[in-house]
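Here are my notes on this one, jotted down as numbered points. Have a look at the structure first, then read on.

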Amino acid sequence: MDVSGDIIKALAGSSRPLVVCDVDEVVLEFLDPFDRYLNSVEHRLHPDSFRLHGNIRSIVGGIAASDDRVAEMQEAFFASQDKWQTPAPEVVDVLKRLDVDADIVFLTAMPPRHQDVRRTVLDMHGLTYPMIATEEPKGPVVASLIGGRSIPAVFIDDILRNHGSVRDSAPDCLLIHLMVNAVFRKMLPKAEEHIVVAEDWADAERVIRKRLGLGDHN
């Protein structure tokens, strides 16, 4: 089933602004839940640098997990994410308010084989907005979602290279960097000037409302 094609067709006739959100560390907490999962298999995520490989070490002995082992643990986590992940603070209320005036689409960078369980996680928390799961660059997907419509669009993500991809494919899209985990956020390189850095969802909502001309929420 071509989920992205269905969503693109559904949006084609809309004149509403578009808000495209990444999921991990933006809509759903990822790093803290992933660390809790790692603890359950006798490992721990150490915030030594902005990466997983090399920072995941065994609780007993402190031995760094091999790349293959890290991949296995990520796969197991995503397969059982409904047991671990929860919404970012304020995101449910903020998106509910924005949904009154804008179209919202989740664009998650994960293997499509896990999209059903991710859909379950989002739905169980009332985050029922359309979702695309892909491992392809995000820029062309965002451009396809916008189509040829003259609408204001916003892209929210925690990974800077994804902002670069969207900038190249949809240059008029407002780029907002948002990362829930404050510890790892401090390790990120400085965002380029054209990217707005939001501290949390309340901050992001203010920026989005200003961009979309929606005014302050009551």
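1. A term before we start: helices and strands here are DSSP runs, at least four residues of H or I for a helix and at least two of E for a strand, numbered from the N terminus. Keep in mind that this is a predicted model. With those terms, Asp 22 sits in the loop that links β1 (18–21) and α2.

2. Staying with Asp 22: is this residue buried or exposed? Asp 22 is buried, at a relative accessible area of 5%, and the cut-off for buried is under 20%. Its side chain has a partner, too: a polar contact of 2.9 Å joins it to the side chain of Lys 138.

3. Which other residues does Asp 22 touch, leaving out those up to four places away in sequence? Besides Lys 138, the list has Val 27, then Leu 107, Thr 108 and Ala 109, and then Ile 156, Asp 157 and Asp 158.

4. Now the overall picture. The protein has nine helices and eight strands. Its radius of gyration comes out at 18 Å, close to the 17 Å from the globule rule for 218 residues, so the protein is as compact as a globular protein of that length. Along the principal axes, the C-alpha atoms fill a box of roughly 55 × 40 × 35 Å.

5. Take the contacts between residues at least 6 apart in sequence, and 66% of them join residues at least 24 apart.

6. Helix α3 (residues 67–79) has 13 residues and spans 18 Å from first C-alpha to last, close to the 18 Å expected at 1.5 Å a residue. Its buried residues include Val 70, Met 73, Phe 77 and Phe 78. Viewed down the axis of α3, the buried residues fall within an arc of 130°, so they line one face of the helix. The cover over them includes α2 (31–40), β2 (43–45), β3 (56–58) and α5 (115–124).

7. Val 91, Val 94, Leu 95 and Leu 98 are its buried residues. They fall within an arc of 95° seen down the axis of α4, so they line one face of the helix. What covers that face? Among the elements over the buried residues of α4 are β1, β4 (103–108) and α9 (201–212).

Technical notes
Residues numbered from 1 in each chain as written. Predicted model: local features only at pLDDT ≥ 70, side-chain atom pairs only at ≥ 80, totals over all residues. Heavy atoms only, no water. Expected span 1.5 Å × (residues − 1). Buried < 20%, exposed > 50% of the residue type's maximum accessible area, 1.4 Å probe, protein only. Arc of directions from axis to C-beta. Contact = heavy atoms within 4.5 Å. Rg over C-alpha atoms; globule rule 2.2 N^0.38 Å. Polar contact = N/O pair within 3.5 Å; in protein donor to acceptor, adjacent residues only side chain to side chain.
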